[in-house]
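Please look at the salt bridges in the model shown here. The numbered points below take them pair by pair.

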Amino acid sequence: MGICNKRSTCRWRARVAYIVAVFTVMALGLGSRAFADVLPVFVAEHFGDALWACMIYFGFRTCYAHKEISFSLWCSLAFCFAIEASQLYQADWINSIRETTLGALVLGKGFLTADLVRYTAGAAVAALLDLAWHWRKRL
């Protein structure tokens with residue numbers, strides 16, 4: 001197998017792993033919302049947004065597996081911050097989208113500065129897990 005084919009196979013495997021990570025984190029995030037009443041208060045209040053940022057990070061890694069980890073980290077943070085900033089815009093048409101379940105999950109409902117901290121923590125943890133996975137593969 002040539003270098004190009006081997007590299008392409010490695011990227012494909014990495015993308016599959018990132019897709020699995022996206023769906024795993026998505027399930028954890030939805031679970032943190034669905035079972036908020038039985039989770040510790042800190043977990044219920046903060047983990048949903050952090051897990052959302054993790055999901056966005058792994059989504060960028062799926063698309064850009066060939067790029068540096070830092071690229072996906074910065075892209076995910078920019079995306080999360082842009083979505084949060086968009087919550088400052090309160091027109092009727094976008095608020096009607098935000099009132100749907102999917103719209104609320106993707107666009108949020110209202111701007112909170114604390115969410116920026118949660119997104120940063122979530123994306124950073126995802127990037128650290130990604131770095132640890134790459135480091136472990138080299139051993």
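1. Asp130 and Arg61 form a salt bridge (a side-chain nitrogen of Lys or Arg within 4 Å of a carboxyl oxygen of Asp or Glu), with 2.9 Å between the closest N and O atoms. The pair links distant parts of the chain, 69 residues apart: Asp130 is in helix α6 (residues 113-138) and Arg61 in helix α2. Helices here are DSSP runs of H or I, at least four residues, numbered from the N terminus. Asp130 and Arg61 are both buried (under 20% relative accessible area, with exposed over 50% and partly exposed in between; 1.4 Å probe, protein chains only).

2. This is a predicted model, in which local features need pLDDT of at least 70 and side-chain atom pairs count only at pLDDT 80 or more, while totals for chains, interfaces and linings use all residues. Residues are numbered from 1 along each chain as its sequence is written, and side-chain values use heavy atoms, leaving out hydrogens and water.

3. A salt bridge also joins the side chains of Arg33 and Asp49, at 3.1 Å from N to O. Arg33 lies in helix α1 (residues 3-34) and Asp49 in helix α2 (residues 41-63), so this pair ties together parts 16 residues apart in sequence. Arg33 is partly exposed at 42% relative accessibility, whereas Asp49 is buried at 11%.

4. Within helix α6, Arg118 and Asp115 are three residues apart, which means a separation of about one helical turn. Their salt bridge has its closest N and O atoms 2.5 Å apart, and both residues are buried. Salt bridges with shared partners join Arg33, Asp49, Asp115 and Arg118 into one network.

5. As for the total, a search of the whole structure finds four salt bridges.

Definitions and conventions
Helices (H or I, at least four residues) and strands (E, at least two) are DSSP runs, numbered from the N terminus.
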